[in-house]
Each structure stands twice: as structure tokens, then as C-alpha cells.
Number of protein chains: 6
Amino acid sequence: MLLHLQTWQEVEEYLEQNQGIIIPIGSTEQHGPTGLIGTDAICAEVIAKGVGEATGALVAPTVNIGMALHHLAFPGSISLQPTTLIQVTQDTVSSLAAAGFQRFFFINGHGGNIATLKAAFSQTYAHLANLKLPHADQVRCNVANWFMCREVYQLAKELYGEEEGSHATPSEVAVTQFVYPEAIKSAFLDKEVASGHPIYSAEDFRRHYPDGRMGSNPGLATPEHGKQLYQVAVKALSEQYLKFLDR
Amino acid sequence: MLLHLQTWQEVEEYLEQNQGIIIPIGSTEQHGPTGLIGTDAICAEVIAKGVGEATGALVAPTVNIGMALHHLAFPGSISLQPTTLIQVTQDTVSSLAAAGFQRFFFINGHGGNIATLKAAFSQTYAHLANLKLPHADQVRCNVANWFMCREVYQLAKELYGEEEGSHATPSEVAVTQFVYPEAIKSAFLDKEVASGHPIYSAEDFRRHYPDGRMGSNPGLATPEHGKQLYQVAVKALSEQYLKFLDR
Amino acid sequence: MLLHLQTWQEVEEYLEQNQGIIIPIGSTEQHGPTGLIGTDAICAEVIAKGVGEATGALVAPTVNIGMALHHLAFPGSISLQPTTLIQVTQDTVSSLAAAGFQRFFFINGHGGNIATLKAAFSQTYAHLANLKLPHADQVRCNVANWFMCREVYQLAKELYGEEEGSHATPSEVAVTQFVYPEAIKSAFLDKEVASGHPIYSAEDFRRHYPDGRMGSNPGLATPEHGKQLYQVAVKALSEQYLKFLDR
Amino acid sequence: MLLHLQTWQEVEEYLEQNQGIIIPIGSTEQHGPTGLIGTDAICAEVIAKGVGEATGALVAPTVNIGMALHHLAFPGSISLQPTTLIQVTQDTVSSLAAAGFQRFFFINGHGGNIATLKAAFSQTYAHLANLKLPHADQVRCNVANWFMCREVYQLAKELYGEEEGSHATPSEVAVTQFVYPEAIKSAFLDKEVASGHPIYSAEDFRRHYPDGRMGSNPGLATPEHGKQLYQVAVKALSEQYLKFLDR
Amino acid sequence: MLLHLQTWQEVEEYLEQNQGIIIPIGSTEQHGPTGLIGTDAICAEVIAKGVGEATGALVAPTVNIGMALHHLAFPGSISLQPTTLIQVTQDTVSSLAAAGFQRFFFINGHGGNIATLKAAFSQTYAHLANLKLPHADQVRCNVANWFMCREVYQLAKELYGEEEGSHATPSEVAVTQFVYPEAIKSAFLDKEVASGHPIYSAEDFRRHYPDGRMGSNPGLATPEHGKQLYQVAVKALSEQYLKFLDR
Amino acid sequence: MLLHLQTWQEVEEYLEQNQGIIIPIGSTEQHGPTGLIGTDAICAEVIAKGVGEATGALVAPTVNIGMALHHLAFPGSISLQPTTLIQVTQDTVSSLAAAGFQRFFFINGHGGNIATLKAAFSQTYAHLANLKLPHADQVRCNVANWFMCREVYQLAKELYGEEEGSHATPSEVAVTQFVYPEAIKSAFLDKEVASGHPIYSAEDFRRHYPDGRMGSNPGLATPEHGKQLYQVAVKALSEQYLKFLDR
């Protein structure tokens, strides 16, 4: 049930039964020579829609741009500053909380968003309390990273072992291949791929990871893997979401 | 050519030929009893994609949430504060300008975004000059409102006359019906519809526009109209975009 | 009735009868070789005082510095960033709204302020609602651009035709000549004057408009024209203000 | 020499000889039962103009609204938040410094502005250094409080002794009477007047200073005193300004 | 080597050899009925000093107040908002980076700081790049949580098993007992202690964790344990710091 | 009574009797060739602890980093921007005021903090009123500068006369020698020492004060002087604090 495809009166009815909402959040950033710039948003969106279908939850529009400052040395990458993303998150949650929503389940496709989202949640709770919003103390936010679900992680390890890596991974590339088979890319992938260097500035990142991959071999990805990963992620996150609602 | 479906290397190649990019921006807000909450984003996105196809331009992911504070008394609406949207715009343009983009053509689906976008452009030019970005003085932003193209306006007047109104209009609803025929809504639409009251606070807005429409009769919309409006808008904005590139 | 020349007790009495206030806002920016840097503030102030006299409205002190980032390549120009002007507007309206004012009629002398003021109004309404100010939902702000009144526009066209242009116009220069006849300037005005180029960065502006004029011939201005324009503007805006109060 | 009455070309010429500018800053706030709400801005402006005439300095438009949060419980008072005034100051100085100004002499009419201005100066120096503005290290700002000049203070003590007080003082009221003899107010002034309580919140201020005066008897003010005080202040500040330029 | 006990000339000499610095960061927040409000700062500070002695590193003054919004329903707790802590971190790192420091090793005593610190690091790298600081791309920040060192974690598990819990833990209380034996507290500790509830708003936190503990039994803490934990932490973090310098 | 060494339950009990708290604030900045970088924080902290012992007041942890932008050209100096320090102050006071504290007595060791703290207090009062915090109108903040107490000033003059100077003074150095006799430094101190130049930018400061001292001879400092100064300051500030509580 996509928020964008509802009327306000349908949302009003939904709220009488249910105060939960799913918010997909991705990023717009390089994903190596064969990964799509929209990888993180595409994965978050498709999985969020799947969870919405499986659970009857309302799904908000995707936050397409996240915190990707360390990727900005690669063209096509776009990033919000952390303080901007905090404000975007606070404005979004506050708008919906004022209407009666109380459970905000962010399905996240990008590791770089996690810290900022957590900071944003803290700031938002305090903001809502300051506003004396009724039920401010009932508002709960959660960031659920599809790629960190135990079941997804296991499947990725089975399929790719060490070649999964940590950015531009075959598993996320596979999900985008499943969603957009017409946009499967081929490009030279050096067998040697850098890994293990922590993330600092954008310039430092590109120096250490010259083609954008972090320890991954996305050449292993297939659309079929993508479908499997998608299904496993939807199942795992649907359970998480329902538990989150119940808490 | 969707940015989200490119690799960073493809963007690098594009930039060698072309420094323009299209950024669709909509809103997530009530559109009356039969209009979709995502109307403004849906229209901006589909038209932007059309313009991208017609002109070969790169199209960035859609900014789904805009400045809709006056709609917040209707559930399902989400708004950024103007200062947040200014920061989002500045971060977005700055990220892309650092990579070499110089022409930013925002295809906009929501009247409430216009003022804030214009303020954001001014602030961004100054920011880029402060950063001493090479070619900062070549960066140009433009907001193109699809519903204000002369040709679109004329067609809407032909089709709907005075019943076009100014929010939850049949023309924007028609475009969403063309895009999502499976999500055409029917609901009671009072023949009497408020109009003419300026926009102030959210509470005042809902008091004056109790079902969310501003002088419009979206019951007149059809998917066929939507297709026509879409085609006219794509044609008009494609010309505008190409002129903008050339300036 | 100038706010600056009242005591707080006189304001208290005024508020018992009337919750309206006029706020003149101008800019401090180049106005071509013969236009005063204070043109926009001077015009807004004198017209606001005239409207105050005609309607009995309280007139706040003039906001002398506005959003003029695009003029900063000319010495003597001063600009607030849009986010600063938003904050100034919010602080001003909030101070007065807390005391009981409800109708804020900005008489504006500078096109570059419009977008930012509109963004500021939206943000301010939401701020006042967040503060739970009594009657927050009654607060209304309006930007009235003296140079865009139909009657003013017609007179300017009669007097100057195409030579009115859009910046450093003979009509605004004429009003300053009427107010400060001792400060009428003469300087070389090239017959060729640039026009038609949109406004982007400050550097780009100066490159395209090397003497600061946009399509105008301020050499046509006379103090007598200024008096006429002043009178027409005061009459038109007085009517607008009274209607605004009544709404 | 008023900036508002110059053209940009005249400012360009001025800058070849002189990099100093005077910026009057006041406040819009209650000044007791007989004091004008604009007292601080009126005094700063008239004295700044006098200093400009005496020294040939350029005088910027008056900052009419300052930091007066503690007066907001009296109607008609308007205040910027300190962080807003810091940003206004930074934007103003940065605009002018980019054009070549290096000495910023703020003539201040309101004690409540001092702390915020000093904080703003510090932040602005660092901002200009961050921008790598040429001559950033030559930019100097100074706040000169006309009522704290030794000579003014002595004259006020001679004229009013202990009845000078510290807010809504006879000396500042006298200067406004000199400038606006047509706006001399009479109202009941209790002989008992509160004094000695430090300034905390607006509500606390009004509770302790119910008519707005702090230990003062503005009933002693006369336009003739105002003229004397004006002359003494202009003389003293002209010397200060010239020394400041030379440093 | 404590920064606070050096002269600037000694720092200048240090920088010729070494560009690393340790910054202890804690929090000021409730730690259950027997835990000190300063627990997190005390632990971070003493361990940072130990690491400084072991490695010859300069140790900055302790950031005593962190991100503890969820503890604010307990008196004595103080929190910065995340955006404030981001700004504090950016200002701190920027000050030191401008002087030549390149490696910033935050020794952290509070889980609630981690997300905000990581967001702050990202924002700071981009800020330094924007400033065009020489060697901006060499600046690296790291947050090292003493309580999450593998060796510390193992010792805590050995000593306390499941009763370690996750807030007001016996291990952190033990370290404070080792540092301040004179401030060992005794108070009633219910055997039943809440656990497992995620952290949302302050009000929600206190409702679920009424005495402030999260699954812990701080009654098990002894100063001797504290000494052991301290020693293990210093050893582990000294190694981490030296590796961080070398990278 | 140090806040850091209390439990939240002890703070709860304290608040039943007493709503006052002392907050030491210093700076981390160069203090000439022999002064410690932590001088201002060390002095503020030790004196605040003394006042806490003398009066039974609770003493918060020290704010170690203040507003020292003008010292940033000397390595080891760290500064918050004024707007950051305003936010830190507001967050700190707001946290404690929500718990019931009403009297905030900042014991300050650094002249450069004063303006920003005063601005912060004003902003904080307005913030608390906006939050509708019960007793918001009872919150009072005060900045007490130990080095400006009449008794301290007199003693410093007796001991050092004109050689006291205004930065890196023998009196503040003496207090640090009393606290940290093991960290007494000796270095070449030129007999010629700059003085009298106002404080502008960091670069300008270092140019005029090349070794960091402002007119002072810290070579005169002794630990015995430090003890005397400490005792005089504690006595004077204890009286001030008790009066502040009573007001």
C-alpha cells in the first residue's frame, strides 16, 4: 500500500486501524564499474514495497538521496550533509506523527545512512516532546538494514563468500538486476580489489578504492540471485516490522 | 537516461559531452478526495523521464517530498520546512556541480515549491562561489513548472475551463490516471468547492478548503486527458530544456 | 502611524482596535549608474508611510537589507542569505504576533525578496503553530510589491514603454528623485542596455549586465513622475491593505 | 555620506580612498511610558549621520531591529534572536568586505546588542578567513555605544544625576525629542521606579519593571538636552572613528 | 601528555614529530541508583590519560557532555542535541587540523555518542575539504569505545556474565570506583531489572527502565575489578591508537 | 558537591532543597610561552569546586572549550564558534531546567566567553518560554568572571601592577601553578611585550602578539600567589553565588 497512491481520506481510515509506516531510504552514489548509482534506493524501495504487500503496511515514498559524502569524488554521486539528513528525517517524522503515525520503520539500503538516521531519531523524539505533541512518547523509529538481516547475510555468504565485500557487493547488484534486468551492466572488473581501509574523506576514499568497489566482486551477481535475496529480505523484514508494531 | 540506472563511469562519459541534468521535484500531500497523495511527484517524475528520453538528458532521482506545510492538517501529507528544502537543494546541486554539472533543470510538480527553490538557487550560487569551485560562475538552475507551461495551461482550460481550479486540479489528476490507471479513485466530490482564499497556515487552509480541493473538479479527469497533457508537457519542457542548455 | 514614534502603551491601545501592521522591506544594492543603492528601501518606506497615513495602519521600521546576492559583484551592495532573511522575518513576525498582531502586510520594493519572503511566511506559520500561540491560525502575511500593482505598472508603461526595463527602472528611480531631489544623479548611460538574461550568480550577473541596469533607461525619470507613481502606488496598496485586513 | 544615497560607482570611487564604513544599529523596543519604541535606532541613526558628516565616512542604512528579547512582554517590541543577529551581521560585513571595505564601525544605540555584536564579530573574522578573502586579516569591526562615551556619560550625569537610570533614560529620550519634536509624549510617570534587578527573561523583566523603565526619569528630558547630547556624542565618536581608521 | 598542561610552543614541537591526538568523550547522565552521573566521562578520561602515557600521545580535554537525550527524564542528566554535538566535533577537529593535527582518536565512554560522532566525522571531512585546508585529505577520525574492546568485553563477561547488562554496567561502575573510591555509592538495587527494550524517547526510556539500569547489576562492581578493566582497556586502546597512527 | 560524583537520586534530593548549580567554563587556548593551554579551564574548575565546597552548591562538569577563535593561529588552541557555544549553553541549561534547576551560575575563566555566554542566556530564556516549561520565567543565568572580582583584581594589582596585563596574566598562571605545581614551565619571556591592540582576527592577533601574551609578565607568578588568588576568588564568588540564589 503505497502512500503515494492513496488519498488523504484513505490514509485517515488506515490510521484508525494502524499507526505504522515504512519509509524506504537509499542513496545516490557510485557502486563500482557495474553497479547502478541508484543501487541503494532501488533495493530499499523494492524490498519496502514487498514488505508493504506482505504486511499491509503503508509505504512512504523513497528517500532517494542519503549520506554519501565519502563517495563524492565519483561523478554522479549526490549526498546530503548529515545535518541536512537529520532535518529531513525530523521534518518527515514530525509531519506524519502530527497526523497520528507512531511507528516509523525505515528500510535502509545504505550503510552510510545508519549513524545519521540514529542521530536523527534521537533529535526527533526530543523535538516532538518539545512540541507537546499528544502521544509524543509513543513515537518509535527503527532503522532496518536489509543487507544486515541475518538471513540475507547468510545467503550472500553462501553465494559469494569473501567476494561479497562491503560496497558494490554482488548481493545488492543482484537485487538491482532482478528489478531492472534491462540495465545490467558489464565493465572491466579488476580481480585485484582493495579492501580493509576505513572510510574517511571522499578524496581518501577514491585514492584507496580507485574503481569504487570495497572488496567485492559484483561480476558474480545474477538476476536470479537477486530474486532470492529479495525474497529472503522481504520475509525477514516483514517479521521484524510486525514485531516492531507489536512492541 | 536515468541517473539511477547509470554507473559512475557512464556519468563520467556523459559529462564529457554535456553538463546538463534534470531533477524532478514533487510533493507528498493531499490532493482532495480523489487525488493521489503522490500526485505532484508522479507528474514531475513521468514528465521528467519523457523530457529525458526526448532530449538525451540525464534525469536525477525524484525529490518526493517538498514544501507543503499548508497541507499538513490532512493526514498523509509530509513537508520539509523551507530551510530544510533549501539545504537539500544546495547539497544536491553542490554534489553534482563538484563533478562538473553546470545546468540544473528542476521539473516541478508543486506550486508550493517554487518560492523555496528560487531562494535555494540564490543561496547555492553564493555557496559555490564561496567554495571557489572552478566554473562556479557557470552554474545555472531553473525551475520549470510543468503545469504552468503555456501549452499545458491552454489545454487544461480547453478541457476543464473554470473547473481546472488551482489544487487537486483535473489536469494533474488526469496525468496520474494515465500513469497509474489501476489507482483511479472515486469519491464524493461536492459540487460546491471553495476557492479564492489565499494560503496561510495549515489550520486556516483546512478550515477554508475542507476537502482539500481549491476550486477544482477533478471528477472531470480521464486517463486520456492525462496522456494528452503529458505529451504536451514533455514537448514544451523539452524545448525549454534545450534552450536552457544553450544559453 | 510609525511604530518607531509610538510608545508601547500607544501600541497596546492600537491593538485593541486593530491587529494589522505594515512592514516596508527594501534592499541595499546597486541600481545602475544613476540609481541610488537604497532605491528599493527608499521606495518601500515612503509608500508604506503613505499607506499608513491613508489607512491609519501602524508602520514598522523598514527592513533595509534584503536578498540581493546576485548584485554583490557591485560595490556597496549588501545581501542577507535567504536563510538569514527567513529567520529575520520569522523573528519579526513572531515578536509581533505574540503581542497580538495578526495581519502582516509587507510592502516590498525588491523583486529579489519575493521568493524568500514567501518561504519565510510558510515557515513562520508552522513555527507559530508549534509554539501553540493563541490565534496562531489567525496570523496572515502578505507581500505587496508596489511596482507590480496593476495601476503602477500601467503608468510606468505609459511613461517609459519598453525603456522601463526590469532593474534600475526609471519608475523606481523617479520615486527616489521625488523623495530625495537633492540626490538626483547624472552619469553616462549607454543607449545599448542588456536585457533578457535570467538571474544566476553574482559574477554571471555582472558579466551580462556590466553597468547594473537590466533593460532600463533610468535617464527618463523625473521627480514629477516619481510623485505620480508614488500617489498611484499609495492608492492601490491602501485598497489592498484594507481588503487584506477584512479577509 | 549615506550609502543609500550613493550609486555603486560612487562607492567604487570612495573605496579607492577609504575602506571605512559606519553602520548604525538600534532596536525596536519599549522605552517606558514616554519613550519611543524606535528610540535606540533613532539615536544611533542621527548620531551616525552626524559622524558621517564630520568625518566624510560612508554611513550604511540603520539596522532597526536588534537583540531585545527581554522587552518582548511589552507590545510593539521586536527582537531578533542572538543567532539571527549574528548571521545578519556576518552577511552584512561579508558583503561589504568582499567589495573592499575593511573597517566596520557600528554606532550602537542599545546595550542589549553589545554581547551579540561582539560574538558576531568573532564569528565573522573566522568566516572571512575560511573564505580566503584577500585581506581578510585586515577586516576590523568595532562597536561604539554612543551612550557609553565618557563625555556623553558625564553630560547625562550633570543633567540628570541618579535619575538617568539605565533604560528609557532621559538622555536617550532627549535625543529623540531633538530629532522628532513633533513626537514628544507625555504620560504618567510614577516617581517610584524600579531599578537594580538584572535582566533575565521577558516575563521576569516585565514583572520587575512594570512600566518598562529601569531606574530612570525620562520626564526630565528636553529637546535642548537632546541637541547637547547629540553634539557631544558626534564629537566623541568622530574622534573614535578616525582613530579606528588609523589603527 | 595532557594538552591542558602544555604550552603552545610545546604543542608546536610535538607536531613536528607527531600529528595524532586523543580526545576523550563521555556523557553526563544517570547511571542507575549507584552509578555516578559522570561515569562515562570519568572512564573515558582516565583511560585516555592511560593511553596517552603508554603511547606518548597528546590528550585533549574531555568532552564531558555528550548525546544523552534519552536519559533526560532523570535529574542531573545533561545532553547536547545531535546537531550541537556535530558542530562541537567539527569545531574541535577543525581547530586542531588547521594547526597540523591529522589523526583524531576519540576514546568514548558512551554508546549514545557513537552515531552522532560518526555523522560528525563525515561532515567534518567535507568541511575541511571545502576550506581547502592543506592536507585535508589526510585528516582521519576514529571513535574507540573502551567498553567494546574485545578484551574488555571478555573480562566483563567473565566477571559479571549476564549481569553486565548494557547501561549502568558493573564494569563501568567498577572503573569509577577505582578512580574515585571515595565516591562509591550504595543504594537499593532491585534484583528484577528491566532489559531488552530499545531506546526511544526520554519518557519512554524512564517508563521502561524506572531506576535507570538496563539489565545490569552494578552491585557486583569493585574497585579492584575497575583497576583490571582499566588496565585491559588501556592496553587494548594503546595498540589500536598506534595502529591508527600508522595507517 | 560535584554533579559528576552524584547519582541521579542524590540530585533529585538536592533539588528538593535547592535549585542552584554552578557551571565552570574555561577555554583551551595558548597562554603565552609559559602559560598552560588549559589555564582558563583549570582556574574556573578549581575555583568552582572551592565555591561548591564553601556553599554546598552542586558543581557541573567543566566546559573545557570556549570561544577562542582569535587564538587559533597558535597550535593547541581549540575554539567553538559563537553559535556553537550558544547552542551548547542552551542545551545544557535546558536539560537542567527541565529537571527543576533555576539558578545557573557560570564561573568563567576566559574573557572571550563573556559576550557569547550573555547572548546564549538571552536566547535560552526565550527558548524555555517557547517550550512552555513550568517556571521558565524563574530561570536565571549569570556569568561570574573570577578574574574580574574586585578583590581578585586588587590583589593582582598589588602583586603585579602593570605587569598583570590582560592575557596570559601572572595571576591566572599563578593559579595553575598552585593547582599543578608539577607543570610549572619556564621559557624565554621577552621584556618587551605587546599591549593595547584590540582583538580582531586570529591572524591579526598573532601578528600583534607574537608570543601570545597581551601586556603581561607571567614570569612573576608563583604557586603561593596562586593560592592567595584562589582563596580570594573563592570567597568573593561564594558570596556572589549566595546572593544570586537569594534574588
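Is A:Gly100 buried, partly exposed or exposed? In this predicted model, the relative accessibility of A:Gly100 is 26%, so the residue counts as partly exposed, since that class lies between the limits of 20% and 50%. A:Gly100 is placed in the loop that links α3 to β3 (103-108) in chain A. Once neighbours within four places in sequence are set aside, the contacts of A:Gly100 are with A:Leu15 and A:Gln19. A:Asn130 stands 30 residues from A:Gly100 along the chain, and the C-alpha atoms of the two are separated by 17 Å.

The fold of chain A comprises eight helices and four strands. Read from the N terminus, the order of these elements is α-β-α-β-α-β-α-β-α-α-α-α. Chain A has a radius of gyration of 18 Å, close to the 18 Å given by the globule rule for 247 residues, and is therefore as compact as a globular protein of that length. The C-alpha trace of chain A extends over about 55 × 35 × 30 Å along its principal axes. Buried residues make up 64% of the 247 residues of chain A. When contacts in chain A between residues at least 6 apart in sequence are considered, 77% of them connect residues at least 24 apart.

The interface of chain A with chain B was examined next. Here 51 residues of chain A are in contact with 51 residues of chain B. The area buried between chain A and chain B is about 3900 Å², and carbon and sulfur atoms account for 63% of it. On the side of chain A, the residues that lose the most area to chain B are A:His4, A:Leu5 and A:Trp8, which together supply 20% of what that side buries.

Two salt bridges are found across the interface of chain A and chain B. A salt bridge joins the side chains of A:Lys185 and B:Glu10, with an N to O distance of 2.7 Å. Polar contacts across the interface of chain A and chain B number 20 residue pairs, with both residues at pLDDT 80 or more. On the side of chain A that touches chain B, two or more residues come from each of α1 (8-17), α2 (39-55) and α3 (82-99) of chain A. The most is given by α3(A), with eight residues. By class, the side of chain A that touches chain B holds 24 nonpolar, 21 polar and six charged residues.

The interface of chain C with chain D was described in the same terms. Between these chains, 51 residues of chain C are in contact with 51 residues of chain D. Chain C and chain D together bury about 3900 Å², of which 63% is on carbon and sulfur atoms. Of the area that chain C buries against chain D, 20% is supplied by C:His4, C:Leu5 and C:Trp8, more than by any other three residues.

Between chain C and chain D, the count of salt bridges is two. C:Lys185 forms a salt bridge with D:Glu10, in which the closest N and O atoms are 2.7 Å apart. The count of residue pairs in polar contact between chain C and chain D is 20, with both residues at pLDDT 80 or more. The elements of chain C that give two or more residues to the side touching chain D are α1 (8-17), α2 (39-55) and α3 (82-99). Among these elements, α3(C) gives the most to that side, with eight residues. The side of chain C that touches chain D divides by class into 24 nonpolar, 21 polar and six charged residues.

B:Asp137 counts as buried because its relative accessibility is 15%, under the limit of 20%. The side chain of B:Asp137 is in polar contact with the side chain of C:Arg207, at 2.6 Å. With neighbours within four places in sequence left aside, B:Asp137 is in contact with C:Ser201, C:Glu203, C:Asp204 and C:Arg207.

Some pairs of chains do not touch. Chain A and chain D share no contact, and their closest C-alpha atoms lie 17 Å apart. No contact is made between chain B and chain F either, and the nearest C-alpha atoms of chain B and chain F are 17 Å apart.

Methods:
Residues numbered from 1 in each chain as written. Chains lettered and ligands numbered in written order. Predicted model: local features only at pLDDT ≥ 70, side-chain atom pairs only at ≥ 80, totals over all residues. Heavy atoms only, no water. Contact = heavy atoms within 4.5 Å. Buried area = accessible area lost by both parts, 1.4 Å probe. Salt bridge = Lys/Arg side-chain N within 4 Å of Asp/Glu carboxyl O. Polar contact = N/O pair within 3.5 Å; in protein donor to acceptor, adjacent residues only side chain to side chain. Nonpolar A, V, L, I, M, F, W, Y, C, P; charged D, E, K, R; others polar. Rg over C-alpha atoms; globule rule 2.2 N^0.38 Å. Buried < 20%, exposed > 50% of the residue type's maximum accessible area, 1.4 Å probe, protein only.
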